[in-house]
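Have a look at the model first, and then read on.

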Amino acid sequence: MGKYQVALFDLDGTLLDSSPGVISGVQLVIKELGLPPISPEEIASHFIGPPLHHSLGTYFNLSEEEVNKGVDIFRDYYPKEGIYKASAYEGIPSLMATLKQKGIRTGVATLKPDHLAKRILHLFGIAQYCDIIHGADLEGKLTKADIVALCLKELGAEKAQTVLVGDTEFDAQGAQAQGVAFVGVRWGFGYKGSSSLPLSPYVAMVENTEELLGILTR
């Protein structure tokens, strides 16, 4: 058995490119709330990864009532239309299948709401490879570290044998807070074109799933 016996994955920007659906959903929220329009690039940068409550409130400086209204608009739209605009990144299904074949337990720790995370992972055929899937609560109170902790507890996983794979500093911070290793991916949203390196316990930054598989199975 290699160094890692458990591999946890972020969802948006790591396993799936969910940006088209998220961007169109946020654009609808902006329109319905009468907010100043922003570019798809700005939406991708600020609204994919963090909880929507946090992004809406901080980016537009909205009241709690306005944030809740915006979240309700997004939640009405996304399961009906936005979820179907996602796609798996190249090599992800075969990566997950290979990890399962090699006896490495896999899971998803995401800030996407729990019910949506499970639905979209089933929709794209990735749930079948996962030993555990944990998403955020509907109030957006759980942090990435909280969700990683839930996965570790339910799997009975040793931190020294666990790695979190993600594409943003939210993921790196979650790994650091729980004392597990972290691998960053360049194909997502946070580290694409970035020269900055994640926080400790950073292991590597990978460009493709072949590199990732080599690290996870070494």
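In this predicted model, buried residues account for 53% of the 218 residues in the chain. The chain is built from nine helices and eight strands. Its radius of gyration is 17 Å, close to the 17 Å that the globule rule gives for 218 residues, so the chain is as compact as a globular protein of that length. If you are setting up a view, the C-alpha trace spans about 55 × 30 × 30 Å along its principal axes.

Some whole-chain values are gathered here for quick reference.

| Property of the chain | Value |
|---|---|
| Accessible surface | about 9800 Å² |
| Share of that surface belonging to carbon and sulfur atoms | 50% |
| Share of contacts with a separation of 6 or more that join residues 24 or more positions apart | 63% |
| Distance between the mean positions of the 19 positive and 26 negative charges | 5 Å |

Now for a closer look at one residue. Pro-79 sits in the loop that runs between helix H4 (64-77) and strand S3 (87-88). Is Pro-79 buried or exposed? Its relative accessibility is 18%, and buried means under 20%, so Pro-79 counts as buried.

Which residues does Pro-79 touch, leaving aside its neighbours within four places in sequence? Its contacts are Phe-74, Tyr-84, Leu-116 and Arg-119. Of these partners, take Arg-119: Pro-79 and Arg-119 are 40 residues apart in sequence, while their C-alpha atoms are 8.9 Å apart in space.

How values were computed: Residues are numbered from 1 along each chain as its sequence is written. This is a predicted model: local features need pLDDT of at least 70, side-chain atom pairs count only at pLDDT 80 or more; totals for chains, interfaces and linings use all residues. Side-chain values use heavy atoms; hydrogens and water are left out. Helices (H or I, at least four residues) and strands (E, at least two) are DSSP runs, numbered from the N terminus. The radius of gyration is taken over C-alpha atoms; the globule rule is 2.2 Å times the number of residues to the power 0.38. Buried means under 20% relative accessible area, exposed over 50%, partly exposed in between (1.4 Å probe, protein chains only). Contact means heavy atoms within 4.5 Å. Accessible areas come from the Shrake-Rupley method with a 1.4 Å probe; for residues, only the protein chains shown count as cover. Lys and Arg count as positive and Asp and Glu as negative; His and the chain ends are not counted. The place of a charge is taken as NZ of Lys, CZ of Arg, CG of Asp or CD of Glu.
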